[in-house]
Amino acid sequence: MRYITFVKMTEDVGDPPPALVEAMGKEMQAAFADGSMIEAGGLSGMRDSTEIRLADATITQTDGPYAEGKEVAGGYAITEVRSHEEAVEGARRVLELHLEHWPGWEGSVEIRQMFSSQ
Amino acid sequence: MTAPPTHDAITAVWRRESVRLVAALARMTRDVDLAEDLAQDALVAALEQWPDQGVPANPGAWLMSVAKRRAIDQFRRNETLRRRTAELAHELDEAEVPDFEAAVDHIEDDVLRLAFLCCHPALPPESRAALTLRLVGGLTTQEIARAYLVKDATMGQRISRAKRQLADSGAKLEMPTGAERQRRLADVMAVVYLIFNEGYAATGGDDWTRPDLCLEAMRLARMLAHLVPEEPEVHGLQALLEIQGSRLRARYDEAGDPVLLEAQDRRRWDQLLIERGLAALGRAEELAQRGAPVGSYVLQAAIAACHARARRAEDTDWVEIAGLYDVLARTFPGPVVEVNRAVAHGRAFGPEAGLTIIDAVDSVPGWHLVPAVRGDLLERAGRQEEAARAFRDAAALTRNEAERRILLRRAGL
């Protein structure tokens, strides 16, 4: 079962503490080493993002940045796991690391199964 | 207020840790069977306690400390094991690491030792595969039984017998060195490859593939590549499995009938796995350039990569593939390689070139691939009647129902 997870937070939180970066690096390495992690990466900030929307039969384009305070995805990971619970556990581990290394940080991880279009 | 973790959630947490638990406990107790029991005990304790207490921040450390406590209790209670206790008590104390993660380097060696033991030459290959899936893959006996289409009890017996055979043969958890290490590593790789192939070209039953086995084998290959990163063949194995695994979805049509490589809808190939496979092959080739010897997995992966790089079947670089098969045939001769070499030469230089090779292959009793490939080459050469006869011969030999259907169709039946 393939999953994609997004780590989401508000954009005004600043840079992560080095301890978290290090801990996350180790966690990712472990996930690559046990064969469950397929790919991971970061996403550009909303300042550089664009949304196009269809409403009232009109397509409109809006460029970032957007109103602050909204939780947005800052990074993603694609994993191959044997159950939904395993994907959730991987995500929970990420939040445990944030709790330990980034005092006051709040955010979420969105966990979605990927279905192939083909 | 969050809901307490479910049975499945706790099992998932445990499963993520199980290989490292079993591997570390096996080192401490020098008893794989006991190590597995202790890891199971830790799961039972988690199932009892976590619904109330929640999942601990570091579940690996929690499970490990419970298992170690159980180990010490057991040794104290069990008279027959007491003789070993003095020695083991020292080991267990020494292993009392407060931070499980801090012991990661240690753990990787433990996991590799466990893999060597599961693939020990004292065991027949199918027992090695079952034991590896159980102890290194962390699968339950039921899951392995389902994957191999046998009864739970049958698989349970196979695993127990394997453990008994290991104990009887005096096989030890060890880290072999030099040529012995290469030999044992080859055994481990062969088991991973065997598991993949069992899923990829299901030899029995109605299904053409059993993807779960392929996914497990791919996971094991990735693990192995991290455990032995200096070895090109291990990256070659990973590359081979990732690239072959990328075609899983394209290998059968909606009716469940197999689709051969050249007829596959390449849009259904998993590009993410192809990228990973090509990257792994790149690592293998880089190591090879620095002088590390390559073997059959790297060569096979290089061939698989030629297919993966071709956007359309007609773009396939068959001359390159034929050349790689020539190298493979010189270094690792055998009928399987010859059959594939015949296919490649047939595509690269015309069907007659392929037929010359296939006609020189000694017929292997009960093996359908020689007549199947001969049929294909004859068909391409426009020799329809001979082709139909070859396809009929092949259909009579295959044990796979789906494959039989396709062969009979090509025979015009």
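Mentor: A residue is buried if its relative accessible area is under 20%, exposed if over 50% and partly exposed in between (1.4 Å probe, protein chains only). This is a predicted model, in which local features need pLDDT of at least 70, side-chain atom pairs count only at pLDDT 80 or more, and totals for chains, interfaces and linings use all residues. Residues are numbered from 1 along each chain as its sequence is written, chains are lettered from A and ligands numbered from 1 in the order in which they are written, and side-chain values use heavy atoms, without hydrogens and water.

Trainee: How many aromatic pairs are there over all chains?

Mentor: Rings of Phe, Tyr and Trp (its six-membered ring) pair if their centres lie within 6.5 Å; planes under 30 degrees apart are stacked, over 60 edge-to-face and the rest tilted. Over all chains, the count by this rule is four.

Trainee: Which kind of pair do B:Trp50 and B:Trp62 form?

Mentor: The ring centres of B:Trp50 and B:Trp62 are 5.2 Å apart. Their planes meet at 65°, so the pair is edge-to-face.

Trainee: Which helices of chain B hold B:Trp50 and B:Trp62?

Mentor: Helices (H or I, at least four residues) and strands (E, at least two) are DSSP runs, numbered from the N terminus. B:Trp50 and B:Trp62 are both buried. The two are twelve residues apart, B:Trp50 in H2 (residues 32-53) and B:Trp62 in H3 (residues 59-77).

Trainee: How many residues apart in sequence are the parts that B:Tyr193 and B:Tyr297 tie together?

Mentor: B:Tyr193 and B:Tyr297 form an edge-to-face pair, with 5.5 Å centre to centre and 80° between the planes. Both B:Tyr193 and B:Tyr297 are buried. Because B:Tyr193 lies in helix H9 (residues 178-200) of chain B and B:Tyr297 in helix H13 (residues 296-309) of chain B, the separation in sequence of the parts they tie together is 104 residues.

Trainee: The charged end of B:Arg251 sits over the ring of which residue?

Mentor: A charge sits over a ring if NZ of Lys or CZ of Arg is within 6 Å of the ring centre and within 35 degrees of the ring normal. B:Arg247 has its charged end over the ring of B:Trp269, 5.3 Å from the centre. For B:Arg251 the distance to the ring centre is 3.6 Å, and the ring is that of B:Tyr200.

Trainee: What pattern does chain A follow along the sequence?

Mentor: Chain A has two helices and six strands. Of its 118 residues, 35% count as buried. Read along the sequence, the pattern of chain A is β-α-β-β-β-β-α-β.
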